[in-house]
Amino acid sequence: MKVKHTTAVLLSLAIGLFQSCKTKEKDVIPVEEGYVLGFRAQNGAATSSENDADYLLTVKTLMSGTISSTGNGIEQNGWCYYTHTGGTYLVQGYQDNNAVGYKVENGLLVEKGRFAFERMDCTNEVGDNKTLVSIGAPWGGGSYDCNIQLIDMERIEIASAKKHPLYFASATDSAKTRLNMWPTGTYVENGKLYVAFYPLNGTSWETPLTDTAYVSIFEYPSLSYIKTIKDTRTGPIGYYGDPTCIIKDENGNHYTLSNTSVNSGFTQSTKPSGILKISAGSDEFDKDYFFNVEGTSGFKVLAAAYVSNGLAVARVVKDDPSFGAWGTFSYSGLQPCKMVVLDLIKKTVTEVADVPMHGGQYKTPFLVENEKVYVSINAGTEKHIYQIDPKTAKGTKGAKIEGREIQAFYKY
Amino acid sequence: MLRILVLSLFVYSTCIVCAQNNSLSNRVIKGFVLDNTTSEPSMGVIVYINESQAIETDSNGLFLFDSLEYGTHKIHFMSQDHQSFDTTVTLSGEGLGAHLLTIKLTHHAPITILNDVNIVHKSESQTIRETGFTVNSIDIKPLQSQNLDINKVLNQTSGVRVREQGGLGSDFNFSLNGFSGRQIKFFIDGIPMDNFGTSLSLNNIPVNLVKRVDVYKGVIPVFLGADALGGAVNISTNQEVNRFFDFAYSLGSFNTQRASLIAKQTVGPTKLIVNTRFVYNHSDNNYLTNVQIPDPVSGKLDKYQKVRRFNDGYNALMGDIELGFSDKKWTKKFMLGITASQNRKEIQQGNNMTKPCGEVFTTDKVLIPYLKYEKDSFLLKRLNLSMYVNYVNKKTQVVDTSSKTYNWLGAYTIKQSTNSGELNWDKTLFFFSDQAFTSIANLQYTIHKRYTLRFNNTNNLLTRVGNDPISKNAVPFSQPNSLHKYVSGLSIESTLRAERLKFTLFVKQFVMNSKTFEMKDNDNDVLIELQSNLVRYGKGLAVSYFITSKLLAKSSFENTYRLPDGYEMFGNGLLLEANPRLKPEKSTNFNIGLIHTTKLGKSKLQSEVSYLYRRPQDMIRLSALSVTTKYENLVQARINCMEVAFKYNYNQRFFFECNTTYQDMINVSRYEPDGSVSILYLDRLPNIPYWFANTSLSYSFHNFIVKNSKLSVAVSSHFVDKFYLKWPSQGNASSKFIVPQQLSHDASITYSLKNDRYSCSFGAINFTNKILYDDFMLQKPGRFMSIKLRYSISK
């Protein structure tokens, strides 16, 4: 009758509606040989904080097609920092304080363990294929102790930690030196841990002290403080966000990058941007070496990847005070960055042709493979991977990035 | 001398059925018996209908016959103390529905003493129900003896989903057909709750206080005067009789205690009305939670274990007193009142379970003096005025002054930065004071029997000042911020074609003026002043039509705006940044619904199906800015929503209801904010439940053991399908974060004596003790058992 009829119509309507809306789940395709990428997705114009996500994914090639997290990649809760050693990829949450280790097994990324941490602001490989050094920096003042942590990447846990200031202000230092010391880059060599840092207010982003480059040296692995070396030819090394601001050549010499840029986290600029050298085996800056990048080219050098024969590929920026203190890293349409080739021996800067102006990245990732450098270029509406040949200073457009940027590149 | 019983009888068809019931229930005769000399309700009057069925009036003098046949009904009233009285009421088949019945009423009932304010309220909502607005009306009365809050009741309504982060007093997000948060406005007796603070909210108002809840979906009538976009919820409190007293106390799991006292009295020869309401809520919320506890040295996260929450307590107190008069020559209603409330809420964690807190808490204190005034024949004979004015003084404090890192066992270590808070980068004692002034004026003018004009003006001015004695940066609101909003609406309502067709046409105007200060770009120490002034217009239409006597069709359409509110614009001074540049959001809404009612013997079945279409633009959504968040005008979405509900009752004893809602919300923003083509175009909006359903079953035994007693048993089940936290199209399906499917069951048994004067209720919420989540990783309480005792009398 009528009741039954209406009911039946409504029920079938409802069931039809639900069934038509089931989502399809795709299978994960193994990649036997390729690249592990930390992929920052578009968060969508409809974003809310919980929609931000990074995806750890694998691809076969960087130079063709489209790299996308659509149906692909291991979802991460919010933005992440990435590090790698000995075949284990560590994904460290920026929003939640968990770090997760993955390995590639049979072409698939597999979670191997996770740990909780308080702060990990600067994380790098030690070079033994199993250990990372990660420094947690204090924010908000009250303490200038950094937490230097050694992370066991086989067990995926914090193996040991030591709290220690990165710098002891001496009686002769000005009051400004009693600032927070924010770690920007590290390396381990000959039983010593070298830590570059920049002084900042710590309760605000003010940087009242910008006329000296600093590296503190600790014993490794005991982490006892040895000393801090300084150089006043340029400003502090690196910037906030764990950039690649220390590079190493084939002879074991390390080069440190001081950007002194008011668009990259510094609130003043008092020295030219340039590169200092710590020679292999030395624990002092090389007094005879200074590459005045800004003086040579007008650019501020942010981050670089060393290739060979003194050639490195770098991301640079020209300061523009109207861009604001963090303008380099803005997503809001500013594209202040350029790619250049640095010759560390001849001290020359060559602009790379065919790579557009673009926005910067924290923890700028580079991949060096077969004498070529791969970078993620976000030029506003277009995002691509570019391959840069330092010998010819030419860029080649590679895969399209269907997302915001690549946050990590690893070959496996 | 023999007192003469005068009966005031009014008939209407609001749905007075069971819980979770909605909309039109036809063929009802309901009445209200008063004593002529005292004007007080007469209890125990026997009311016969057609000499076949009889019921007694309850303590409020109320009686009700439902599911009646069409035609003329003879009604006979008999009382020991009073003269008998006879009348007839005709339920006409041609139009079916409320208004017809009201008209019959004017012919048959002596309405000369029908002067209770309440009647006006009812006829108002009745009119709305018939004018095509999509509204679910929930009669709370049968639920008043149960231990529930309004959120729990609303959650069983189709289209509504309340997502709670935890136990009593926890944050919740109310969503209605895909809209959520501040897109939906809440009212108590027609008064916006915007600036009331957290001591007065849906999850702490006990059911005793409430008579009825109306949920408007999409199009909102002009008299509510709001700039809501997705809908509105209007809570009507109990104001039915001249004198009553209601006290309830409940005790439940996790040391949850709730007490409420509501009293109304009419004093002295001037008939001064005194209304008082007190509410007390407390819970330790120390329920078990599944967590991973990191190894103190290595940080290793391994197995999940069950721990008790230890910093999640909640304590709230609210009191309200009002004095005034009704039915005087100079006023229909004049009330002067003051509401005061305060609460303290401990914060157990932020937005995920990885950082438990041990000492963070917030408090707020609110004081609201107010004035209500109603006058019929104001200036003109057919012009009625109602006004409301209030001032809100709200003080809120966030206390995060410990530099400890707690784990879930309650142990802690001292943080590296001794200036850090537990949740915040810097320790904070942030305090802000809101002062708000609201005025609402409603004018109603009857042009003609068939045409009514309504005008509403709502005026809201909010000023916020903040300070933080321990902050090291510029403090938000150290300069006062202000937001001034005017919303005006004009509607014309009409009844045509022998009462079968009704429509309402309306226009609304939105005006906003704001003065705010924002942090200079990326600089913590400089504040810049910003001003914004704008005007927007909205318009809409609502129509209802009886296709047959059993089938009602309703439809509404609107094109409207919502102005950003203080919270969105000013932020909370902590992790939510201010955004003084927010624009109003806009939406086009369309609803269509069919309601079919049928009766077989003593059984009655109502089927309802509704389709809703929404097209919001510049939707105000929360977006992430590394550590902090901020509201921004972002999404363009398309929402298709379908709701189906069935309600069955047998002889007003047995009730069964089921409903389901499916809402498909699709992102139709083609471009990302940076101008690139969005790969998320046509993806479903993440982190919003899209399919849910409820069923409920109850049975009442009348005169169980003792006369005038009632034993009710009720069970209900709730289903929410799993949904993705992040964009559904992104990532491997197997790796995605989900908010898992929920299926939970509640049960209660309530026994009342002397027509609900004494009642006792045992309730079990989530009695199967399922682990439930409404929000990603934020576990809700397990099994919650409680007992509630209630004493309620009206005289």
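1. Let's start with an open sheet in chain A: its 4 strands come in the order β17-β18-β19-β20, and their pairing is antiparallel. The edge positions belong to β17 (246-248) and β20 (290-291) of chain A, each having a single partner strand, so one side of each has no neighbour in the sheet. Strands (E, at least two residues) and helices (H or I, at least four residues) are DSSP runs, numbered from the N terminus. Two strands pair if DSSP finds at least two bridges between them.

2. Before going on, please keep in mind that this is a predicted model: local features need pLDDT of at least 70, side-chain atom pairs count only at pLDDT 80 or more, and totals for chains, interfaces and linings use all residues. Residues are numbered from 1 along each chain as its sequence is written, while chains are lettered from A and ligands numbered from 1 in the order in which they are written.

3. Strand β19 (residues 274-278) of chain A runs antiparallel to β20(A), and 2 bridges join them. L276(A) has F290(A) in β20(A) as its bridge partner.

4. Chain A also holds an open sheet of 4 strands in the order β13-β14-β15-β16, again with antiparallel pairing. Here β13 (180-189) and β16 (225-231) of chain A are the edge strands; each has a single partner strand, so one side of each is left without a neighbour in the sheet. On average, neighbouring strands of this sheet are turned by 25° against each other, direction ignored. The axes are lines fitted to C-alpha atoms.

5. Within this second sheet, strand β15 (residues 213-219) of chain A pairs with β16(A) in the antiparallel sense over 6 bridges. Find V215(A) and you will see I229(A) of β16(A) standing opposite.

6. For chain A as a whole, there are 2 helices and 29 strands. Of its 412 residues, 53% count as buried (20 or more other C-beta atoms within 10 Å of a residue's own; 12 or fewer is exposed, in between is partly exposed; C-beta atoms are placed from the backbone). Among contacts in chain A with a separation of 6 or more, 52% come from residues 24 or more positions apart; a contact means C-beta atoms, placed from the backbone, within 7 Å.

7. Finally, visit S603(B), which lies in strand β35 (residues 603-617) of chain B. Is S603(B) buried or partly exposed? S603(B) is partly exposed, because 14 other C-beta atoms lie within 10 Å. Leaving aside neighbours within four places in sequence, S603(B) contacts Y648(B) and Y650(B). The C-alpha atoms of S603(B) and N651(B) are 6.3 Å apart, although 48 residues separate the two along the chain.

Notes
Axes fitted to C-alpha atoms, helices over the stretch in contact; angles between N-to-C directions. Contact = placed C-beta atoms within 7 Å.
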